[in-house]
Amino acid sequence: MRSAPVAAALLLALGGIGNAVAAEDAAPSQTQGLGGPEIPGVCLLSRQAIFANAEVGKSASEQIARLTEQSQAEFEAQRKPLEEEARKLEGEKASLPAAKFTEQQQALARRWSELQKKAEHRTREIEATRQKAIDRISTEAQPVLAEVYKQRKCGLLIDRGVALGGNMNGDLTAAVVKALDARIKTIPIQREILPMTPVASTGR
């Protein structure tokens with residue numbers, strides 16, 4: 001039984017989530033200010049920068065990172081004994097009857113498979129938690145954005161990420177982040193609990 005690929009799959013299943021509220025929502029904007037005349041009524045906003053820089057976004061990222069680390073530690077604790085059993089079984093291969101070795105190997109493989117499915121399910125739960133946090137922060141930011149939009153006398157709001165360049169004086173992002181920080185600093189985050197996906201019967 002080859003345990004290394006399965007172990008790597010378990011780590012990959014839980015890796016990459018929790019270091020930010022969302023990878024696509026925390027990336028810095030690459031928009032460049034090229035100057036030119038300011039266009040009255042046209043305003044810009046970076047949703048990505050709001051999630052990355054607002055206190056509530058940072059807090060959510062930290063909480064989700066902790067949930068991810070806890071899950072990784074939980075599954076690591078379950079993975080190591082299985083790896084040890086796999087090494088032990090491989091060492092006993094020469095002394096075991098072929099049928100007995102195959103039986104134990106298949107039983108161990110089933111346990112590996114179940115652990116991997118649990119890790120993948122936990123990943124889906126953390127992803128659902130992340131999305132719920134984004135939705136909550138978006139809800140909190142909406143009235144703040146509306147107020148800043150009104151104050152700046154905007155008539156059109158454009159995603160800053162789609163602008164190749166230009167006069168950036170109409171960028172509302174920093175003002176929205178400041179106002180959002182004054183409104184809310186953090187939100188409580190608990191891991192979402194999702195129902196397990198039923199495993200199809202193999203007929204055995």
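Lys 153 sits in the loop between H5 and S3, where helices (H or I, at least four residues) and strands (E, at least two) are DSSP runs numbered from the N terminus. This is a predicted model, in which local features need pLDDT of at least 70 and side-chain atom pairs count only at pLDDT 80 or more, while totals for chains, interfaces and linings use all residues. Residues are numbered from 1 along each chain as its sequence is written, and side-chain values use heavy atoms, with hydrogens and water left out.

Lys 153 is not a glycine, yet its phi is positive, at about 55 degrees, and it comes just after H5. With a relative accessible area of 68%, Lys 153 is exposed; here buried means under 20% relative accessible area, exposed means over 50%, and partly exposed is in between (1.4 Å probe, protein chains only).

Stepping back to the whole chain, there are 6 helices and 4 strands. Read from the N terminus, the elements go α-α-β-β-α-α-α-β-β-α. Of the chain's 204 residues, 35% count as buried.

Helix H5 covers residues 98-151, which makes 54 residues. From its first C-alpha to its last, H5 reaches 78 Å, close to the 80 Å expected at 1.5 Å a residue; the expected span is 1.5 Å times one less than the number of residues in the helix. H5 does have a bend, of about 30 degrees at Ala 141, taken as the angle between axes fitted to the seven residues ending there and the seven starting there. A proline, Pro 143, follows within four residues of the bend.

A disulfide is a covalent bond between the sulfur atoms of two cysteines, and the search counts a pair of cysteine sulfur atoms within 2.5 Å. Searching the whole structure turns up 1 disulfide. It joins Cys 43 to Cys 154, with 1.9 Å from S to S. Distant parts of the chain are linked this way, since Cys 43 belongs to strand S2 (residues 42-45) and Cys 154 to the loop between H5 and strand S3 (156-159), 111 residues apart. The torsion about the S-S bond of Cys 43 and Cys 154 is about -90 degrees, so the disulfide is left-handed. Cys 43 counts as buried because its relative accessibility is 4%, and Cys 154 counts as buried at 11%.

Next comes the way H5 meets helix H6. Two packed helices are described by the angle between their axes and the distance between the axes. For H5 and H6 (residues 173-183), the axes come within 9 Å and cross at roughly 120 degrees; axes are lines fitted to C-alpha atoms, for helices over the stretch in contact, and angles run from 0 to 180 degrees between N-to-C directions. H5 and H6 are therefore oblique to each other (angles under 35 degrees count as roughly parallel, over 145 as roughly antiparallel, 65 to 115 as roughly perpendicular and the rest as oblique). The crossing of H5 past H6 is right-handed, meaning that the near helix is turned clockwise from the far one by less than a right angle, with anticlockwise giving a left-handed crossing.

Lys 132, in helix H5, is exposed at 53%. Gln 190 is found in the segment after H6 and is exposed, at 67% relative accessibility. The C-alpha atoms of Gln 190 and Arg 130 are separated by 9.9 Å, and the two residues are 60 residues apart along the chain. Asn 167, in the loop between strand S4 (165-166) and H6, counts as partly exposed at 22% relative accessibility. Asn 167 and Gly 35 are 4.4 Å apart, C-alpha to C-alpha, though 132 residues apart in sequence.
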